[in-house]
Every structure is written in structure tokens, then in C-alpha cells.
Amino acid sequence: MSNTLRKKIYLSPPHLNGEEINFIKDALDSNWVAPLGPHVEAFEKEVAEYIGIDHALAVSSGTAALHLALSILGIKKGDTVFCSDLTFVAPANAILYQNAQPVFIDCDKETWTMCPASLQKAFAAAEKEGVIPKAVIITDIYGQSANYDKLNELCKKYAVPVVADAAEAVGSEYKGRKCGSIGDLNVLSFNGNKIITTSSGGMLLSRNAKWITRARKLATQARENTPHYEHRTIGFNYRLSNILAALGRGQLSVVEDRVRTRRKIFDTYVNGLSHIEGIDFMPEAEYGKSNRWLTVCVIDPEKTGVNRDAVITALESENIESRPIWKPMHLQPLYSRKKIYNTAENPYSGKLFQDGICLPSGSNLTTNQQGDIIDHIINFVNK
């Protein structure tokens, strides 16, 4: 079969289980097709119970949840916010939305998440300069939980709140606790490529009821409790629709199965490729359990004889989607002038970006498809 006719294997496509249609049909039959509605409230409650936290707010995206988190913390112009360097751009952008300044913290080699030693270095410098940050955004990268005991200890020392960006970590755990329950404020994403999806959507979670109440108001255009539409502060149109929440309820019912499947996919890649010298997979921190949202590995060009970009091109020629890992924030043109704190000569995040590749990891990936991907990589390296 021609490669152009072969069905494309995507990196992380949505995976429906059949239950979603029942919830969506209920939303349609009841005519709750406008924003908000009973499925939104039920979805918030069910996610909060699953995560193990008291209060949740369903919103239009993980980015919206990040923006709301910084808004209710009162982040403003002139403030600084520490942020994971190895991350999708959304946390850094949310800082700019508030006209504040991001300061980036490198990842460590053991977990690829925020490096406690680098964070300590950043706090020491901030204390010396008299510019203690107003918040720290910590990303659970590719489903890997950050080392929260060490990071939270530093943040508490300086009385700085933690925003845990668990957008990629639904179903992941830190010391037996679900990611999304560990920060002062927590963010989840249900984007179409995530382990479960509402098509687009996200959630803000906290144990602080007042914060979530405040965020709920801001997310609905900051409307006052009056018969007419009255607004005393700037708000946003960030709430999740009832139909998308219905979709999310159907997805949530299989989240643990999706985690098991993605972890199995990761193990299959490791078993099929780790014998090749120069291919090393993202480690799993001893304190946590990753959902393995994406299987990520590093390809050493000196040991394998091929570089990451060549592997991506070779897979694309077979109609297989793969992708470099996140380009760290300090290398992004938008943020290249911002500070970054690291403990090595060069940020480790840059090394990971240079050689790191994300492989197809969708929970609907078949055994035969994954076998083909592994064979293509082995054949390409052997050439």
C-alpha cells in the first residue's frame, strides 16, 4: 500500500469509548446546549472526587485555568512569577496576560520536572534582589509529577503560592495522591490530545473555596449578583459548555483504563527499542506514577548515528506522526531575554529538546501499529 494511502498514525488522538453519546444525548434532549448546565456541575463534582480535592471549576481550556489562577492570586504588572522552563508555552503566556514577568527554572536529569536546586538558586537571587516572586508555576511534564515535597518546602519558606500545572498529568500520582491535588491551585487540561478529552476544556481546582468562588465569577465575565448585567471588574468568557462537560463525563469513566493502556504502550516501546545504544527513555520518578501521556525518548546522534529530526522525517515518510519534545521557554524567541536559573553550565532542558522525541502514544494505538513504528525506527537506525 502507498504510504500516502496508509492510514495516518497520530501522536495522541482522541479515544472515545461509546459512553459519551449517552451523556451528550441527555444534554441535547434536555435542551441544555447553552453554556453551563447540569453536566458542568456534575463534571466538576466527579473530577474533584476523582482527584481528591474539594473544589473545581470547569473552564474552556487549561490555559484559561492558568490565567484564572494568576488572576485570583492578584498577579499584576511589575510582579515576577517563577515557571518551569521545560513546558508547553501556556504557563508563560498566562504570566504575560497579567503583565508580569516570568523567570524560568530548569528541569533536573532525574525527573525532567522543575529542579529543586535550581529553584533554591532562583529564590536566593530573588531574596538578594528584593523581588520575591508572587507565585511559582510547576509543570508535571508528560505526566511526570514534580518533586512536590522539596519544591513546596522552598515555596513555603518564602510564603509563595504554588500553581501546579497538571495539564498533562490527569491520572498521574505523587506519593499516592493524584496530580491536580497537590498545589495551592491546580490546573488540568482536557484538550483533544490529552489522555481524556472534552474536545477543548480544562479545570481549576483548589482546597480554598474562596479562590474557586472568585475564579467562577471571573470566568463568567465578572458579573455582579444583580437582576441586570453589572460589572465592576474585568472578567472573562471562560466557562465550559454543558455539551462538552457531558463528553467529559463519559471520558472520565475510563480514565484509569486509559492510564493502564498508555503505560503499557510505554513499556512496549522500551522493550522494543531500549536495546539500541543511544536511545534512552524518560525516567519515572520513584515517588510517583506517570500516566505516560506521551512516550518520550532521547536519541543520542553520536551513539545511534542518526539525529532526532531525521527519525521524525523517516517516520513521517511512513505516515506516522512524531514530534520533538517541548522547546523550552528560554529558547523561545518570545522569552529568550528572560532569566533562567539552572545548576549546570547549560540548562538541561535545552539538551532534552535537542535530542528528545515524542512517539505515537494514543490509547487506541493497536499492537500492530506500534510494532510497525518500532520496526521502522530499528530499520532506520540500522541503515
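In helix α3, residues T63, L66, H67 and L70 meet A90, P91, A94, I95 and Y97 of helix α4, where contact means heavy atoms within 4.5 Å. Sorted by class, the residues of this contact are seven nonpolar, two polar and none charged. Here Ala, Val, Leu, Ile, Met, Phe, Trp, Tyr, Cys and Pro count as nonpolar, Asp, Glu, Lys and Arg as charged, and the others, Gly among them, as polar. Helices (H or I, at least four residues) and strands (E, at least two) are DSSP runs numbered from the N terminus.

The model is a predicted one, in which local features need pLDDT of at least 70 and side-chain atom pairs count only at pLDDT 80 or more, while totals for chains, interfaces and linings use all residues. Residues are numbered from 1 along each chain as its sequence is written, and side-chain values use heavy atoms, with hydrogens and water left out.

The axes of α3 and α4 come within 9 Å and cross at roughly 45°. Axes are lines fitted to C-alpha atoms, for helices over the stretch in contact, and angles run from 0 to 180 degrees between N-to-C directions. The pair α3 and α4 is therefore oblique; angles under 35 degrees count as roughly parallel, over 145 as roughly antiparallel, 65 to 115 as roughly perpendicular and the rest as oblique. The crossing of α3 and α4 is right-handed. A crossing is right-handed if the near helix is turned clockwise from the far one by less than a right angle, and left-handed if anticlockwise.

Helix α4 (residues 90–97) is mostly covered, with six of its eight residues buried. Buried means under 20% relative accessible area, exposed over 50%, and partly exposed in between (1.4 Å probe, protein chains only). The buried residues of α4 are A90, P91, A92, N93, A94 and I95. They pack against α3 (62–72) and the strands β2 (80–84), β3 (101–105), β4 (135–139) and β5 (162–165). After α4 comes N99, which has a positive phi near 60°.

Helix α3 also packs against α7, at an angle of about 120° and with the axes 10 Å apart. This crossing of α3 and α7 is right-handed. On the α3 side the contact is made by L68, S71 and I72, and on the α7 side by W211, R214, A215, L218 and A219. The contact of α3 with α7 has six nonpolar residues, one polar and one charged.

Helix α7 (residues 209–219) also holds I212. I212 is buried, with a relative accessible area of 3%. Leaving aside residues up to four places away in sequence, I212 touches H55, A56, L57, L204, L205 and S206. The C-alpha atoms of I212 and L57 are separated by 6.7 Å, although the two residues are 155 apart along the chain.

Helix α8 (residues 242–252) has nine of its 11 residues buried, so it is largely enclosed by the rest of the structure. The buried residues are N242, A245, A246, L247, G248, R249, G250, Q251 and L252. Their cover includes α1 (20–29), α2 (38–51) and α9 (255–273).

E302 lies in helix α10 (residues 301–304). With 77% relative accessibility, E302 counts as exposed. Between E302 and E277, 25 residues apart in sequence, the C-alpha to C-alpha distance is 9.9 Å.

The protein chain as a whole has 13 helices and 15 strands. Its radius of gyration is 21 Å, close to the 21 Å that the globule rule gives for 383 residues, so the chain is as compact as a globular protein of that length. The radius is taken over C-alpha atoms, and the globule rule is 2.2 Å times the number of residues to the power 0.38. The C-alpha trace spans about 70 × 60 × 35 Å along its principal axes. Buried residues make up 56% of the 383 residues. Of the contacts with a separation of 6 or more, 73% are between residues 24 or more positions apart.
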